Amino acid sequence: MQTFGSRMRNGWSTLHRQYKIMTSNTYGLIGFWVVAFFFAVALFAPLLAPYPVWEMQYDAETGQLAMLQAPSLQFPLGTTHLGYDLMSQMIMATRTTVMIGLISGFISIMIGANIGLIAGYYGGLIDEFLMRCTDILYGMPFLPFVIILISLFGRKIEFVILAIALIVWRTSARVIRAQTISIKQRQFVTAARARGCSHLRIIYRHILPNVLPLLLLYTSFNIAWSIVTEASASFLGFGDGDTISWGGMLYELWLSGKTRVAWWWFLPPAACIVALVTSLVFISRAYEEYANPRLRETR
Amino acid sequence: MDILKLENVSQEFFLPRKFSDIVTNKPARSIRAVQAMNLAIHENEILGIAGESGCGKSTTCLIAAGLLSPTNGAVVHRGQPLAAMDEATKKTFRRSVQIIFQDPYESLNPRFQIGDAVAEGPRAMQLWPEEVIQEKVRSILNAVGLDPDRFMKRFPHELSGGERQRVGIATALVLEPDIVFADEPLSMLDVSIRADILALIKSLAAERKFSCVYVSHDLSILGNVADRIMIMYLGQAVEIGSAREVLTNPKHPYTKALISAVPIPDPTVERGIPKIVGDLSMPVNTHQGCQFAPRCPYAKEACWQSFKPLSDAHAQHQSSCLRESEPDVVGEVVDADRG
Amino acid sequence: MLLDVRNLGVKYRMDGQHIHAVNRLSFQLEENEIFGVVGESGCGKSSLIKALLRLVARNGSVEADSVNFQGQELLQMPMEEFRKNILWQKIALVPQSAMNSLNPVYKVGPQIVEAICAHVPMPDHQARDRVHELFESVGLQRDLFDSYPHQFSGGMRQRAMIAMALALDPKLIIMDEPTTGLDVLVQDKILKTLRRIKDETKCSMMIISHDIAIMSEIATRIGVMYGGSFVEIAPTMDLFKDPSHPYTMGLTNAFPSIRELGKELISIPGSPPVMVREENKCWFEPRCPFAADGCRQSFPAPTMTGANHVVSCLRSEERERLSQLAKEKATWTS
């Protein structure tokens, strides 16, 4: 039996392998470190933010409300029209965005992977049913769906996460289903059946490890999509009311009417959205090279 | 006692109907992969099943191993029909009927270490506690000529073709089966290492007393390893008998053609000319009779109408040819060195 | 003499190392003969073909003392000239699994016509006539001209590829495993077709295969390849009667025969080498039951042991005795 120590070592070596894969090309390397950076900021956000987010700040020199100030030493990213420090907002918003991205991303990949595996392996009516569900969701326009959900249940972060996850899983399900179908035909799956493996055992113990590279690729994608989706929803005012996110900051900016004036308010959230999403896509690229078609050893 | 019997087994694959056929209400066309097969596998024998591609030998294998349900007929294991088995008996069946696959590169999960791959069967079927499984794995790896300490932690891509095939054999034999189906186990290996693997299969079969059904298109190998040989053509079993009888005294025109087409690694020997007409036809909704009739130089009207399947009488030399004892058919005996 | 190859070498650069796929290989091809190349995986036969047709990948390099085809040095020739005048015109190739080389969305006949016209300026109808002629000579029915590849069986596709190789009347056709993957009755037909084509067109054929049985039927001379070079070259009859290299002796032991049902098959222990450096030693030595100390020190030079019979073995003088020993299983297992 595996001891706890050996499991830890196995876990570490798996993580290490993932790191090697992600950084196997230049894109992946850049992507990994940018994501790591944002992740670190998100983790230590409360410690990093210089000021409380929703507290109006006063200019140290003039003593006046620091409204719409350009970046300065006191306020490195400037302030909003209501005197809130943008640096603190950015830092806390990073936490929200990253958290929503990760949670939605993981929920969606869980749903997508399982649906893909089960539909692909069993085929027949199960496959038909699951794929038609997917098709229906493809037809679902995202925003009206979110609007309805929010209107019914209120602007809470849980619903935002749920809504995003329910939309984002679609493509990963299709792709993983396709790969499951192809792996299912391979001889080692027939061999596993001959050795007495049950269907579930075959799906999760034999097929899943072979689908894993593709799955990790789509996890990265799904997180990226979740972030974009959240930013879009928040920007249109459907984000969570209490917690600030990058999209939400842009929403506040738009509400204030100062878009054309306050470039320091606009640039950081927009740039960070682009940077984080692009980095996640870079990581996906690195996984794609690994997943596709996996270099077999020369015979 | 027969370990495994196929009784009147047929397997038909239906093709999707064309729209014009649906409209005109024509029945779906089908491929008869296996037709009215009667086969009995004895204890402790090596039975060869030979035929060209598309003859149904692999499908027969899958049906007999319980991995495919036949459209008709029954698979009977030690007197018990497969279809009527309960869960527990099915599990015993699954354990006692195993397969060695053709492609050593494809039959192993690339993500499993060798030790895990061999242990997978016993683990999936929960046969023994883990320590016992480990021991059995080590012992079977030794038996197939692989040092467990060197190989258990390796991955398939680190092994050569011959080594992988030995692992394939180990994964089948660790379950201690009664019957092992070997589907062309040598065809993807280099010639200079085939002999060892063949000898391994032979010696393990004798030592562990399991029967082996060896499926191959290569009659030279079957002549070397099999006790009995069955010849198939387009889903029909056309001849069966002891290896020596079938290869030196074939009764069915197809067998005769096959034998005379096999090249001989000796430039001093001239093989005969296969008496056969045309190219392989597609087995789609053809006539009711003998499938070989379109290519047979001796085919008469009756051959196209009806097919006489082999009965499951034991260890006798039979063929399904309606004209097998007629003079012009018999006369064409392949001249062979009875070596 | 049609083709004279002296000291051919092909090496690839992979992961910072050099792998010699072909190493100090020499042989000659006459007009109007079928030369069989027998070898297993890793012996270098694919690289040999690529070297002769100058199709070696970019990370590989070819060098030789001489590759002389009908008086011309093939390796020195500018690539354009080689492509225009030699490739397909004088030397044609039927690659391995050629059956899968046809474009599935075009009809077979027009594909070949197009290939011909792209190579040699010829009016369309002339090319079509030529293709009909070719179909006939390989035994394909006329109406298959307008069929798609999926309507051809494996054997028919192979014959279509042979037809394509014959299109411009080459002097030499190289065939890589022409019957592997085909059923034995189809193989029989193809072998007959090849013999007939050779008799009709008087071209030479170089057939590469691992199957010594079909070689014994169709080849007039056989070259046994191991570790990147020929270890033995001899007329077919001589090779089987008088095998002079331990590898050849081992190979003949390993093939079952339908005429010798009780024959004991003997494997050669070990597996074929992956060559890394250019070393002066015999590459078969680790698996050879007759290896002596000298075998590890120098590359065995080819020596003539009979009319047209060449062996690369330090102990070739003892071949009669060794070949008797090689027939026993104990020799190989000790």
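In this predicted model, the contact between chains B and C draws on 39 residues from chain B and 37 residues from chain C. On the chain B side, helix 8 (191–208), helix 9 (219–225), helix 10 (243–248) and helix 11 (253–261) each put in at least two residues. Helix 8 of chain B makes the largest contribution to that side, with seven residues.

Helix 8 of chain B is worth a look of its own. Its 18 residues should span 26 Å at 1.5 Å a residue, and the end C-alpha atoms do sit 26 Å apart, so expectation and model agree. The buried residues of helix 8 of chain B start with the run B:Val191, B:Ser192, B:Ile193, B:Arg194, B:Ala195, B:Asp196, B:Ile197 and B:Leu198, and go on to B:Ile201, B:Leu204 and B:Ala205. Those buried positions thus include the charged pair of names B:Arg194 and B:Asp196. Just past the end of helix 8 of chain B, B:Lys209 adopts a positive phi of about 55°.

Over in chain C, there is an open sheet of eight strands, ordered 7-8-9-3-10-11-13-12, with mixed pairing. Strand 7 (91–94) and strand 12 (303–306) of chain C form its edges, each pairing on one side only. On average, and ignoring direction, neighbouring strands in this sheet are turned by 20° against each other. Within the order, strand 10 (residues 221–226) and strand 11 (residues 229–235) of chain C run antiparallel and share six bridges. One of the facing pairs here has C:Met225 opposite C:Phe230 of strand 11 of chain C.

Strand 5 (residues 66–69) of chain C is another strand to follow. C:Val67 and C:Phe69 make up its covered face, while C:Ser66 and C:Asn68 lie on the uncovered one. Strand 5 of chain C pairs with strand 1 (residues 3–14) of chain C in the antiparallel sense, over four bridges, and C:Arg6 stands opposite C:Ser66 there. Strand 5 of chain C also pairs with strand 6 (residues 72–73) of chain C, again antiparallel, over two bridges; in this case C:Asn68 faces C:Glu73. Strands 5 and 6 of chain C form a hairpin with two residues between them, and C:Gln70 in the turn has a positive phi of about 50°.

Chain A is built from eleven helices and zero strands. Along the principal axes, the C-alpha trace of chain A spans about 80 × 45 × 35 Å. Of its 299 residues, 43% count as buried. Counting contacts in chain A between residues at least 6 apart in sequence, 71% link residues at least 24 apart.

One helix pair in chain A can be described in detail. Helix 4 (residues 86–122) and helix 9 (residues 199–235) of chain A have axes that come within 7 Å and cross at roughly 145°. The crossing of helix 4 of chain A past helix 9 of chain A is right-handed. From helix 4 of chain A, the contact residues include A:Gly101, A:Ser104, A:Gly105, A:Ser108 and A:Gly112, and from helix 9 of chain A they include A:Ile203, A:Ile207, A:Tyr218, A:Asn222 and A:Glu230. Altogether, the residues of this helix 4 and helix 9 contact in chain A divide into 13 nonpolar, ten polar and one charged.

Key: Residues numbered from 1 in each chain as written. Chains lettered and ligands numbered in written order. Predicted model: local features only at pLDDT ≥ 70, side-chain atom pairs only at ≥ 80, totals over all residues. Contact = placed C-beta atoms within 7 Å. Pairing = 2+ DSSP bridges. Axes fitted to C-alpha atoms, helices over the stretch in contact; angles between N-to-C directions. Left-handed = near helix turned anticlockwise from the far one by under 90°. Expected span 1.5 Å × (residues − 1). Buried ≥ 20, exposed ≤ 12 C-beta atoms within 10 Å, placed from the backbone.
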